[in-house]
Amino acid sequence: MVTFSFQYSNIKLFRYLTSIVLLWSVAIATALAQELPRAAIKQIISTANTFNAKQAIEKLYVQTDKPAYTAGDTLRFKAYLLETPYLNAAEKSGILYIEIANDSNRVMKRTMLPVYHGITFGNITLDDRDMPQGGYILRAYTNWMRNFGENYIFKKHFYIGNATNNDWLINYNARTVKNEGKDKVQLNLRFNRFDMVPVALREMQLRLTDGNRTWLKSNIDTDMDGVVAVNFDLPEKANFKKLSLSVQDIRKGEGNRKLLMPLILNRPEHVDLQFMPEGGSLVAGLPAYIAFKAINEDGYGANVAGKVYNSKQQEVAEFNSTHKGIGTFNMLPRAGEVYSAKIKLPDGSFKTFPLPLVKGSGITLKVNNPFKSDSLEVTINATPDIAVPGSGYYLMGHSRGMVCYGALVHFNKGVSRFVISKKVFPSGIVRFTLIGADKKALNERMIYIDHEDDLKIQVISDKAEYKQRENVALNVTVADANGAPVQGSFSLAVTDDGQVKADSMASSSIVTHMLLTADLKGIVEDPGYYYHSTATDKKWQDLDQLLLAQGWVGYNWDDAFSPAKPATYAAEREYLIKGRVTNAFNKPVPKSGVTIFSRKPMLVTDTLTNEQGAFTFKGIFPADTAVYFVQAKNKKGKSFNVGIEMDEFKPPVFTVANERVTPWYLNIDTNKLITLKKQAVLKENLEKITTGRVLKEVVIKSKRIVKGSKNLNGPGEADVVIDEEELQKAGRATLGDLLEKRVKGFGYRADKTGQLYYHVGFLAVHLIIDGLDTEFFRPEGISLYEYFKQYFDYYDAEEIKGIEVMTTTRNAMYYTTRFLDPMANPSDHAFIEVTTRSGHGPFVKKAVGTYVYRPMPFTVPKLFYAPKYSANSTPDMTDIRSTIHWEPNIITDKDGKATISFYTADNPGKYTFIIEGADLGGSVGAKRGAIIVKK
């Protein structure tokens with residue numbers, strides 16, 4: 001029986017640039033409530049919300065101009081940084097970091113941006129030299145977001161392709177069969193040229209790898225149809241999540257073509273099936289509603305069906321997945337029973353999975369969230385030993401990090417029921433938590449509330465159809481759920497469907513991200529499917545099952561009642577250059593004069609250190625390639641006997657993404673092939689048209705030379721050369737970071753004795769600095785790995801003029817003879833020749849009292865090139881933009897209106913537009929549409 005409830009209801013009076021705030025009001029539900037329990041709940045809510053307000057989790061969404069790119073393209077983006085619980089513009093952070101990593105988790109580019117009132121935008125050039133064809137991940141975060149775990153970091157996968165008429169297409173079918181207890185892979189490959197002509201009678205080399213290890217290396221030959229079959233035993237110790245195939249054309253004169261592809265087997269017998277009882281546990285005698293999720297080896301959902309059995313092999317339930325491997329079923333657990341589930345595999349065998357153990361005593365939490373209903377029902381069941389008078393349990397409902405509802409739980413015959421208005425909560429995920437008198441969480445359940453109150457964006461074009469190179473005017477009107485005009489910030493991307501595939505199901509939006517996926521762990525497949533979840537009963541049920549099966553992120557409820565801990569990562573309101581001045585004994589030097597110089601941009605300013613020897617420079621905008629010279633002096637005005645320690649940004653190291661991007665040329669479908677062929681034809685026609693008008697630039701690539709190099713083969717005579725120009729762009733990257741990024745196969749591993757050593761592929765590394773062998777100076781008692789690591793961590797790009805790496809026998813031969821045993825085999829060794837700026841070898845110490853500081857630059861956004869055509873302009877297929885228009889800074893006026901204009905390109909067809917944004921006071925919205933262009 002419910003004695004009383006304590007509710008926080010939200011009155012949604014959002015604002016943008018005016019005074020509208022999401023309010024939480026208190027309502028006492030019953031006059032029969034006693035003061036003591038009321039005070040207890042008020043105290044719990046007050047404590048939790050005070051804690052949550054201090055935490056104030058930031059949510060970040062990044063809209064990009066398109067989902068995939070070509071080599072050398074430009075990635076354009078707009079970032080929205082909002083703060084819980086109201087989803088207003090974040091106030092804590094004024095600095096945003098954006099990075100792009102390849103499929104090996106190596107960061108290829110990193111930049112930072114200033115954030116103003118929760119908004120920033122910019123662009124990143126996808127240099128084809130640094131970022132070749134392949135899968136990449138865009139990550140964006142603030143320093144404050146790092147306090148809440150990696151799941152809150154914004155991530156978006158994309159692919160960089162470069163389809164041409166010279167490319168090959170691969171169709172492969174891989175399956176496994178059991179052979180003498182081992183898995184044997186039967187792999188069928190079909191190779192076609194881009195024009196679908198078979199790649200016939202071609203000799204190639206096939207490799208199977210899982211990162212650094214090669215498990216198979218074999219030469220294969222295609223038949224007249226471009227087909228080849230390969231059978232091999234699947235290595236038991238391989239990392240199956242990283243298995244990849246590489247195919248290299250070894251016919252002479254064919255350009256050494258090499259194609260990479262993931263080997264995804266998805267063996268049915270390796271499906272993983274997990275069970276999540278509603279509320280957290282199976283309790284004997286209490287009805288259970290159980291969610292399950294089946295996952296393939298590739299990490300994505302697998303459709304399964306099966307039955308649940310007790311210990312006597314009696315069937316007690318059956319189940320079928322309904323969407324992306326997720327489903328639910330009901331059962332009544334019995335005391336002392338052990339339950340298992342069985343699914344039937346394609347070969348007729350069965351695979352068994354255990355269900356969670358049944359507890360003899362406990363509580364279950366069930367939430368019924370009906371479709372299109374204005375209320376929900378919470379049912380709490382307890383075993384007799386728990387459902388006793390005076391038991392102190394509280395039901396709490398919180399959303400967006402704020403407690404919105406609280407009630408005292410009283411059991412009547414072991415059951416306590418609550419009917420709660422959905423108006424108590426804002427749209428988004430609501431998390432119900434049952435806590436005991438000790439404030440510890442006992443049961444939890446997530447549901448979704450959808451008031452259909454996201455921003456209503458209307459886009460009307462001035463014409464039904466357009467011609468090539470014609471002006472388009474899109475009239476945008478934004479209103480709230482009540483139809484009132486909304487001022488806000490929005491971004492618009494218009495892309496050519498003939499060149500860009502815009503998948504509405506696979507794509508997230510600012511609405512689904514902010515209200516759903518940002519609060520869930522792991523991958524949510526096809527997040528766009530859940531947009532407008534109230535559209536159908538089926539979608540509503542699928543969303544509810546997703547929340548049952550998918551874990552949540554954010555703070556732990558128990559943390560709110562634990563002693564406060566200082567945040568690990570401080571919020572950065574503005575860009576600061578900070579450091580510390582110390583003496584020879586590493587003691588702080590107070591009142592020390594510190595001066596900072598810069599030539600480009602021109603800057604000279606100074607300050608004094610505080611009592612702790614710390615100094616701070618404010619108001620500096622670090623432009624690209626900016627370098628600052630910092631100088632400190634002691635009380636006597638001398639730089640002698642003082643040193644500078646700068647607070648350099650230490651980027652986080654994120655886990656490797658499980659999601660593997662399939663190359664465009666692998667198992668390509670008909671629609672995608674048509675799109676790519678159109679792209680290739682457009683490029684080919686453009687080349688034909690422009691060749692007669694513009695002379696093609698002839699690029700003569702000269703050898704990279706490192707000035708002052710002691711390279712025994714001669715300057716630049718190496719397999720990898722990192723010259724001064726490249727080092728200038730690397731900032732303060734360490735020597736180790738440079739080698740890891742630029743030298744394929746560089747790293748360290750353990751030998752047979754367990755000793756670590758550096759290597760390039762399978763070659764042992766030797767480090768030469770300014771022509772001097774560092775191993776000659778290695779002190780006793782330190783391993784070669786530890787000794788080299790000191791140099792790799794100590795030197796940075798500022799102190800180096802060039803790096804040359806010798807890995808081939810030809811280039812390593814002179815080094816082997818000079819520095820190793822003359823009988824040593826040069827094909828077993830790699831030599832790294834480093835040329836420092838001082839040229840004095842591995843003895844130079846950094847200058848005292850000075851510091852060369854190269855910060856990460858702010859990205860300065862470049863305007864999207866939008867051509868303007870006259871009325872008599874003739875389409876000649878020289879304008880083949882894939883991104884037709886990008887407008888990152890659309891501001892609606894007091895009437896909620898804005899107009900965007902641009903010109904169509906030469907390629908006729910359908911253009912898709914996506915507009916997204918926020919009023920920065922609590923509401924977000926997105927709209928997708930299309931315009932037609934005809935000849």
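Predicted model: local features only at pLDDT ≥ 70, side-chain atom pairs only at ≥ 80, totals over all residues.
Most residues other than glycine have a negative phi, and most peptide bonds are trans. Several sites depart from this pattern. The peptide bond from Thr84 to Pro85 is cis, and its omega is near 5°. Pro85 sits in the loop that links strand E5 (74-83) to strand E6 (88-89).

Two positive phi values were examined next. Ala56 is not a glycine, yet its phi is positive, at about 40°. Ala56 falls in the loop between helix H1 (35-55) and strand E3 (58-64). Its relative accessibility is 4%, so Ala56 counts as buried. Arg400, also a residue other than glycine, has a positive phi near 55°. The loop between strand E30 (393-399) and strand E31 (402-409) holds Arg400. Arg400 has a relative accessible area of 9% and is therefore buried, the cut-off being under 20%.

Asp770 raises a separate point, that of charge. This residue lies in the loop between strand E48 (763-769) and strand E49 (772-773). Asp770 is buried but has no salt bridge. Which side chain of opposite charge is nearest to Asp770? It is that of Lys710, 5.5 Å away. The Asp770 side chain does make a polar contact, at 2.6 Å, with the side chain of Thr836. Beyond neighbours within four places in sequence, Asp770 is in contact with Lys710, Glu833, Val834, Thr835, Thr836, Gly839, His840 and Gly841.

Technical notes: Residues numbered from 1 in each chain as written. Heavy atoms only, no water. Helix = DSSP H or I, 4+ residues; strand = E, 2+ residues; numbered from the N terminus. Buried < 20%, exposed > 50% of the residue type's maximum accessible area, 1.4 Å probe, protein only. Lys, Arg positive; Asp, Glu negative; His and termini not counted. Salt bridge = Lys/Arg side-chain N within 4 Å of Asp/Glu carboxyl O. Polar contact = N/O pair within 3.5 Å; in protein donor to acceptor, adjacent residues only side chain to side chain. Contact = heavy atoms within 4.5 Å.
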